[in-house]
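New page in the notebook. I want to jot down what I looked up, one item at a time.

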Amino acid sequence: MLYDRILIKYGELSLKGRNKHTFLDTVLRTIKHKCINFQNLEYERFYDRLFIILNNEDPFEVIDRLQTVFGLHSFSLCTKCESNIESIKTLALDVVSTEIKNPTTFKVETNRAWKEIPKTSIEISQEIARHVLKNSPQLTVDVHKPEVTLKIDIRAEGTYIMTRDILGLGGLPVGTDGKGLLMMSGGIDSPVAGFLIQKRGVGLEVMHFASPPYTSDRSIQKVVDLTEKLTKYAPNSKIKLHIVPFTKLQKAIFDYCPKSYGITIMRRMMYRICEQYANSNNFPLIVNGENLGQVASQTMYSMYAINSVTSMPIIRPLVTMDKNEIIRIAEKIETYEISIRPFEDCCTIFVPENPVTKPDVHKCLEFEKNFDYEVLIKECLDNIETMEIVEGKAFNVVTEDSSCPINDLF
Amino acid sequence: MIYLDYTSTTPVREEVLESFVQTTKNFWGNPSSLHKFGLISEDLLKMARKQMKDLIDAKNYEVVFTSCATESNNLAIKGIAHRKGNNGKHLITSGVEHPSVYHTFESLREEGYDVTFLKVNKDGRIDLEELKNAIRKDTILVSLMFVNNEIGTIMPIIEVGKLLKKFPKITFHVDIVQALGKIPVKLDEMNIDLATISAHKIYGLKGSGALFVRKGIEIVSQQTGGSQEFNLRAGTVDVPSAVSLAKAMRLILNDLDKSYEYVTKLNNKVRTMLINYPEIIINSPVEQVSPYIINFSVKGVKSETFVHAFEPYEIYFSSKSACSSKISKPSRILKAIGLDDDLASNSVRISLSHLTTDIEIDELEKAFKEVINNLR
């Protein structure tokens with residue numbers, strides 16, 4: 001492999017103003033953490049780009065890891081030589097002859113940031129192209145739609161040559177903008193919402209409502225596994241998962257309110273619990289996988305009735321997406337197969353046959369007077385069970401507390 | 001006892017047996033049960049699958065646990081033939097496959113499938129050009145073994161995988177029973193769609209095997225009943241066997257390089273001894289061959305006679321493969337590599353292990369001298 005470094009270009013964060021440093025520090029810290037297993041890597045930081053010196057690490061494995069970091073626009077495999085025409089010519093030909101074996105079209109693109117080199121960019125491009133072409137029978141020039149673009153970036157410290165740009169995840173580095181609380185049932189939508197909100201730099205904690213014995217350890221295992229998939233994008237590869245014991249409150253709703261309002265009021269209770277938890281931990285927002293029109297509780301009127309219990313921003317990244325678009329992302333982030341495991345969760349039990357699609361806020365308030373939900377909410381909050389989910393660690397809800405050491409079996 | 005028949009079966013590793021016993025004692029729940037105790041078994045099953053997939057580059061595969069390699073081979077071959085029979089009825093395999101593959105193809109031929117049995121050269125290897133020419137529009141399956149169980153030949157699986165990449169409609173099944181833990185196997189990288197393994201060939205338990213199935217490949221179950229194992233193999237899943245198979249795989253793959261180097265030395269020692277006897281012809285090839293297997297013929301001496309002659313010394317090796325050795329016919333594999341009936345009936349297989357010691361080979365050498373002299 002001729003390439004000895006990866007050039008990373010930042011995405012949107014290069015547009016930032018005075019707080020740019022915070023963003024750059026965060027993104028570099030995250031990259032270093034994600035690439036911790038590649039011990040030979042070195043980092044060279046410039047004003048608006050970053051070089052990772054490979055020192056014989058596999059570039060594609062490194063890029064796989066970089067594909068978990070938000071805030072990066074693209075990666076290019078590149079190699080470096082001194083900034084003089086002869087060296088550039090030699091290296092350009094080396095790159096072409098190792099990289100390109102099959103007949104194809106190419107062009108050369110030069111960026112001359114260091115003006116002391118005694119030719120214009122166009123002249124340099126032409127000279128390099130001539131040299132490469134003469135020595136590479138497999139190539140023909142096509143300046144309009146080339147298959148391969150040989151990029152030459154001439155700078156004072158040296159010249160970089162690259163052929164391929166690989167797109168990164170884009171977005172903003174996670175952890176630059178505080179944390180949000182993600183509501184996760186175990187379905188297809190919420191993990192996708194969690195992924196998308198991380199893209200905008202929001203760190204996550206996850207909240208799941210469990211209603212044993214109506215829901216089982218298998219449903220908890222599901223959210224554990226889903227959260228694990230999201231840890232990939234967390235800057236320190238860890239996410240806290242909170243399990244709220246919801247049975248008592250859910251049964252009270254069922255006992256004291258009309259069935260058609262059951263889901264609406266349940267969602268209102270969930271928002272109250274999330275808001276109180278978020279407030280006491282200084283999280284400024286709640287995130288969920290709600291989508292307009294998907295089910296009864298997701299009509300505009302339902303959203304209004306449910307949302308009115310809180311003034312905290314509720315961000316719904318999926319609100320306008322079609323199911324197919326959501327599934328496509330779920331497959332990409334490997335949560336789809338986990339989400340479709342067929343277990344009950346708090347949203348699939350006690351589902352009324354005819355849920356109200358235009359719930360009325362005043363009615364909600366009336367029904368909620370039928371029982372002392374404040375006490376039950378406090379009980380939920382006091383009994384939250386929290387686990388820390390770490391990327392790549394198999395975590396089994398049930399076997400975790402078994403007396404026989406499981407790992408010895410393998 | 002000096003056991004030199006590790007290709008037939010291996011002794012179980014202490015740790016593997018312990019894993020089987022502990023799982024049987026502590027986690028005997030049915031993984032299909034809804035309750036927590038069943039869930040533990042399900043978790044163990046999941047962990048076993050994950051470990052096995054990670055070990056041979058099979059992230060995008062499912063692991064179907066079976067009772068043995070024969071079952072896995074049947075499931076793979078009939079499963080594909082029956083699923084894709086409407087798209088085409090042409091199947092390709094080689095003439096030197098294990099009986100569980102060879103006879104399965106013969107039975108499919110009776111069902112009306114068109115089977116091409118590729119010829120092999122004197123080394124027991126198929127010719128890529130011949131394979132290329134055999135591929136037709138209606139070809140749905142190519143099934144080959146990675147390492148031949150009688151003579152140790154390594155088939156050009158990597159090259160075949162590359163070739164078949166250009167034919168996405170053809171499923172590629174590989175019996176990796178004699179390759180696993182002995183030479184590097186990477187399913188995804190090698191473009192293998194289905195792979196058969198067996199536990200008792202890698203110091204695991206008898207009655208345990210598996211079939212790796214690339215996700216998206218559909219096969220028809222050969223046994224009706226419950227929906228276990230992704231609907232591919234009905235019947236309560238044997239969790240202790242699955243867990244201990246995962247362990248056996250990990251342990252043998254841990255030492256792959258070290259064992260390979262060690263066994264290669266032993267192999268050279270045996271070969272050096274064998275070439276001293278003019279009546280012995282080594283049938284295993286010299287290149288692209290597993291060092292774990294040495295096959296040779298003793299001119300004028302029937303396989304059985306030769307095997308029995310070593311019993312007084314408590315030295316055990318094999319005539320042909322154990323699955324066919326009770327039938328008193330010249331070896332199909334050796335005939336396929338060009339041996340005449342006589343030599344093919346006189347073949348003997350010594351198979352080695354990381355457990356084989358230098359002293360054992362010395363003992364073998366001594367016994368060899370006496371036996372050959374007596375038989376002359």
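Where in chain A is V143(A) found? I found V143(A) in the loop between β6 (139–141) and β7 (148–155) of chain A; strands here are DSSP E runs of at least two residues, helices are H or I runs of at least four, and both are numbered from the N terminus.

Ground rules first: this is a predicted model, where local features need pLDDT of at least 70, side-chain atom pairs count only at pLDDT 80 or more, and totals for chains, interfaces and linings use all residues. Residues are numbered from 1 along each chain as its sequence is written, chains are lettered from A and ligands numbered from 1 in the order in which they are written, and side-chain values use heavy atoms, without hydrogens and water.

Back to V143(A): it counts as partly exposed because its relative accessibility is 49% (buried is under 20%, exposed over 50%, partly exposed in between, with a 1.4 Å probe and protein chains only).

Next I looked at where chain B meets chain A. The contact (heavy atoms within 4.5 Å) takes 17 residues from chain A and 25 from chain B.

I also noted 4 salt bridges across this interface (a side-chain nitrogen of Lys or Arg within 4 Å of a carboxyl oxygen of Asp or Glu). K36(B) forms a salt bridge with D217(A), and their closest N and O atoms are 3.4 Å apart. On the side of chain B that touches chain A, α1 (14–26), α2 (36–55) and α8 (239–254) of chain B each supply at least two residues. The largest share of that side, 10 residues, comes from α2(B).
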